[in-house]
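Dear colleague,

Please read the notes with the model open beside you.

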Amino acid sequence: MKKSSAIMSLLISVIVLFYPSTSYSAKVPKLADEASIDSVINAMTLEEKANLVVGTGMNVARVPGAAGATYAIPRLKIPSIILSDGPAGVRISPTRPESSDTYYATAFPIETLIASTWDINTANKVGSAIGNEAKEYGIDIMLAPALNIHRNPLGGRNFEYYSEDPLISGEMAAATVKGIQSNGVGATLKHFAANNQETNRMTIDTIVSQKALREIYLKGFEIAAKKAQPWTVMSSYNKINGTYSSENRDLLTNILRNDLRFKGFVMTDWFAGKNPIAQMKAGNDLIMPGGSLESNIIYQPEVIINAVKNGSLDEKVLNKNIKNILKVILKTPAFKGYQYSNKPNLIQNAQISREAAAAGMVLLKNDKSALPLNKGTSIGLFGNTQIETIKGGTGSGDVNVKKVVSIAEGLQAAGFKLDKELLKSYTDYISKLRKEEQYKPYQGTLGKVIPTIPEKPVESSEIDAAVKNTDIGIIVIGRISGEFKDRKNEKGDFLLTDAEQKMIDQISNKYHAAGKNTAVILNIGSPIDVASWRDKTDAILLAWQPGQEAGHAIADILSGSVNPSGKLATTFPISYSDVSSAANFPGNPPDNPAEVIYAEDIYTGYRYNTTFNVKPAYEFGYGLSYTNFEYNDLKITQKNKSKDSFTVSVTIKNTGKVPGKEAAQIYVTAPKGKLEKPALELKAFGKTKLLEPGEEQTLKFELTVKDLSSFDENQSTWILEKGTYEIKAGASSENIKGTVPYVVNKDIVVEKVSNSLAPQVQIPKVF
Ligand code: BGC
């Protein structure tokens, strides 16, 4: 090339590079990366700002059935992002009016079952599958996981939560968040915080001590926020000590952002709180669902605009909220222009759902080695729920699946022979009643409502015939609960109905008289009474609500192709009155409480049982296997000064005859001191690989001084008091296999946090 033409072409490229295509676009910045955010916010009109912090309603055109979306500002390259419920799977409409395609999602087991696996790898795998389904269906953020504490077994949404214990809740949530977010879609920790009931959930004032908040109700969020950095947090409906969560600066800024180091954005729960300005100021960045569907919410952007104009809301506050939202938007598939397929791998995810389900089922009783069953065993299967098997709870946590594998179907597919007459009589009974007006499923606010059909009365002759024809009698007991409503300590709910009691009684008597066994399968989402009937049957399998592959997963356990390894992450009390919050749930008066006092304080679940010697029916951490395990050589192997931590190890050996996995638990009994402490607290847990008979594995657990410390609410400080800490390895909270001491010579201030959420009233001490 000649020198002159080279100069000419250089000149042209310089002109092309620097000459703006239009003077207009040169001035309007586009959202591109974190560095662009400030200029993008600068370029926004006040209207655009107010719209961006309020959702666009529940009518999500791009993905029908999704829970909500944010406002798009195309001129600044800000896309609308789409949010979908969980936590048991992606929740979208399965069909769309304009197309014959289907958009079914996979229903995974409920979180309570996931926690019962005691295996963070299972939680992670399920999270990852959910995240992938979300991404392929055009979702940017999953409204999951949910991790409120099982304060009381009657909590209507307990099925959506993991446990009564914050450590296992936080670890499971962290693993789930990591799984979801590994796909490049966001996860949401919800409902922040102390949202432990459905009764008057939009207005209830939770009165709770700072100590119980820090040690129990915030702890899981702390673990998950720090370990997994979720993109978003959803504030809860309730008030905490007088202020709505979504309007609570102590909660959302002082605690969440400062103490817990959360970096994403906060959204309200749907229609939560009352005052958009207070929400903005508190650090609740996004108000959901917004939109114009409901007359009571179209005002939100307008209120915000007026507040900025009249000076009651500093525009800087709004800018900060927007910045939090934009930082997350930058990471979303919508921003990146991801071309989703609408074709997630439902076959692969069904398999993940089935494996997770089997991994979290808990064998509560197995006398006379009634289970597993030999191949081809004939079964007299009783109970309506064998046909209408319950995959999960109702409300926003429900998933629209193509099919749920019933228990009857699953057992037959595994080669078991079901008594044909019995199966026919249940099938006919259910299809007949479903045609009656009162039992017809109908469309509720949040999806299909399926009225409960009364248990089919079992004739004596029917049982006699089944006893004659089959090797074992299996009775299925089912319960469903969900959003909006707490459960009740009544027959048909926490208690068995007379018909159910009679069924267990008669069937067990008759099978036993013939020298045959019975078993009960519990297809439930939260504890029920077991003490009144458990002696009558030989085996009890707690299948929880195991997702869409229910029948297959139950068959995997009954056949022994999967050895049960689930353990309880929530206590089964002997009677409801043995629950520490029984007198204060859901508040007083129980049918319409304005406040609920957490008078049991830090003594939730097993913390109460172990401290006050209240015997449960089945304790926290309990679960049987078809094999046995030995725990040996518990020791502190290493002190790590730089990280203020130490490592504990224990060796677990399979001493039985079949391969199996064991969930091992590390508890701590802290020394008495100035601070109140429960007798026992879970501090770590782990699960072995599948151990062959005779095989052993050493599990290691790292404990930090923070893990062992207690909260001193007078100083807003986590303190490790001096004394001897008993480090215990247990197969359950009542089955401690070994103890080693860990001595602390002087009190140690571990962490100072903000003095937040102090109750305004004296909380009565009940224990
Ligand atoms: C629930 C949330 C859910 C939201 C959107 C609310 O009623 O409490 O858990 O994410 O609805 O469906």
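A salt bridge here is a side-chain nitrogen of Lys or Arg within 4 Å of a carboxyl oxygen of Asp or Glu. The side chains of Lys567 and Glu662 form such a pair, with 2.9 Å from N to O, and the count between domain 2 and domain 3 is one salt bridge.

Please keep in mind that this is a predicted model, in which local features need pLDDT of at least 70 and side-chain atom pairs count only at pLDDT 80 or more, whereas totals for chains, interfaces and linings use all residues. Residues are numbered from 1 along each chain as its sequence is written, and side-chain values use heavy atoms, with hydrogens and water left out.

The domain assignment, which is automatic or from a database, divides the protein chain into domain 1 (31-336), domain 2 (361-570) and domain 3 (626-752). The centres of domain 2 and domain 3, taken over C-alpha atoms, are 36 Å apart, and their contact (heavy atoms within 4.5 Å) takes 13 residues from domain 2 and 12 residues from domain 3.

About 720 Å² is buried between domain 2 and domain 3, with 48% of that area given by carbon and sulfur atoms; buried area is the accessible area (1.4 Å probe) that two parts lose on being put together, summed over both. On the side of domain 2, Asn563, Ser565 and Lys567 lose the most area to domain 3, and together they make up 76% of what that side buries.

Best wishes
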